[in-house]
Amino acid sequence: MIVARTVRDSRQGHHLVQNRLNLRAPAPEINGEDRPPAPPPHFMENMAPSLALHLAPQHPTQGESFLARAVLGPAGPVRQGVKRLLWMLPAYAFAMALMVCAVAFQRVQPWQAWVLGSHVLVGLAGFYGVLRTGLMAHRREPTLAFPQVLFSLSTVCLSYAIIESSRGMALEWMCLVLVFDMRRLNGRQAQVATFGGLGLLVAMLLLTWWLAPAATHLKSAMAAIATAGLTMPTLLIVTKVGRRLHQRRLDQRAAMAAAFEQLNALSIRDGLTQLFNRRHMLSLLEDEVRRQQRSHRVFCVALLDIDLFKQVNDQHGHAVGDAVLRDFATLAQSAFSGSDAVARWGGEEFLVLLSEAGQTHALEMMESLRQAVLQHDWTRHAPALAVTFSAGVCEHAPGDALTRSLERADAALYLAKAQGRDRTLGSGDLSHATT
């Protein structure tokens, strides 16, 4: 159903958003050969909104009261563990209510109720403290499912030992405990819980028979435990199948999440260089313009073009050309800070968004990249291979159209080409060239 819905959603998805900059992106090339265009913006949202809804990060703390956040803790393993513990409270509260009624009708001695109630309250408070403080958040099982199962079984065995009237319900309670938590346990833990619980019941029965043989109906109690000995292994087999189905569902969800991440990366990355593609860079540029309007901070755009790249293809082949593009992309990414962005603009042309950088600083960074390209060992791809690039830089003026800055950077790039290549010019050099 998910696949069918995905296909239906993709057919009903948005058409390609018209470029507000009126810049038509040419089809990306692999060494001059046409290849299919990159996925449109917001590819995953258009392709599969239902998949994105299921796999998108959730924020469960939004809109919650302070008390709820204080009790449940932060989102993630801490909250999952606390919620799982709170799910058990109604069962314990019901059992304690029965205990109070039994004391009121004189079916249970007050000291027995105090012992059992203290055991439950201390155990639950201890689990809540460990889970809420996040001490187990980075463990393999942060919810403490197995220790809580053992605690529940110990509670049942304690009531079996000290309260004679509860022995008829002990086996039923033990089955409920195992059913509730069996799918959260692995195979070994489930076996320990099942047969360990039965062993504890037998031990408690023998202890009570040894302490008060006249008050213990050993044969009937052993018959009941023997019946449970047949029922609980069957329950173990059934829940084992349930665990497999649960694990399969988790594996499928993990595979869907991995596919989502991969498709999302394909929608914003260039396949050859792994840089941002043109469409995503346009989105980043628009975001930067809006940030400049709010904070009045400067930024620059730089257009780079590898010099005489067609000769590299013609003389050394497309495989060497691909290697040059990949190495150049790696050098470009290393030359700029994490707040900057580099994109393959088309063919052998690249665009760099330099956040919070004026034109002088941008020119210095481009010179650092030029030196890194000159020092790089290109001969490992082909003998006597040398690579240089030309670039044009423009500082975006507040209030100007982004297309204007891109045009000025492009004009500075072509001026750098005309002056002999292997250099970077700023948009301010255009006025000197015209004069």
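Is Asp-287 buried, exposed or partly exposed? Asp-287 is partly exposed, at a relative accessible area of 24%; buried means under 20%, exposed over 50%, and partly exposed in between, with a 1.4 Å probe and protein chains only.

1. Basis. This is a predicted model, in which local features need pLDDT of at least 70, side-chain atom pairs count only at pLDDT 80 or more, and totals for chains, interfaces and linings use all residues. Residues are numbered from 1 along each chain as its sequence is written, and side-chain values use heavy atoms, with hydrogens and water left out.

2. Asp-287 and its partner. Asp-287 forms a salt bridge with Arg-290, with 2.3 Å between the closest N and O atoms. A salt bridge here is a side-chain nitrogen of Lys or Arg within 4 Å of a carboxyl oxygen of Asp or Glu. Both residues lie in helix 11 (residues 278–295), three residues apart, about one turn of the helix. Helices (H or I, at least four residues) and strands (E, at least two) are DSSP runs, numbered from the N terminus. Arg-290 is partly exposed, at 35%.

3. Glu-288. The search of the whole structure finds eleven salt bridges. Glu-288 meets Arg-291 in one of them, at 2.9 Å from N to O, and Arg-297 in another, at 3.5 Å. Glu-288 and Arg-291 are three residues apart in helix 11, so about one helical turn separates them. Glu-288 is buried, at 1% relative accessibility, whereas Arg-291 is partly exposed at 30% and Arg-297 is partly exposed at 25%. Shared partners join Glu-288, Arg-291, Arg-297 and Glu-356 into one salt-bridge network.

4. Aromatic pairs. Four are found in the whole structure. Rings of Phe, Tyr and Trp (its six-membered ring) pair if their centres lie within 6.5 Å; planes under 30 degrees apart count as stacked, over 60 as edge-to-face and the rest as tilted. Phe-127 and Phe-151 have ring centres 5.7 Å apart and planes at 70 degrees, so this pair is edge-to-face. The pair links helix 6 (residues 110–132), which holds Phe-127, to helix 7 (residues 145–162), which holds Phe-151.

5. Phe-328 and Phe-389 have centres 5.5 Å apart and planes at 70 degrees. Phe-328 is in helix 13 (residues 318–335) and Phe-389 in strand 6 (residues 389–395), 61 residues apart. Both are buried.

6. Charge over a ring. The charged end of Arg-278 sits over the ring of Trp-345, 4.1 Å from its centre. The criterion is NZ of Lys or CZ of Arg within 6 Å of the ring centre and within 35 degrees of the ring normal.
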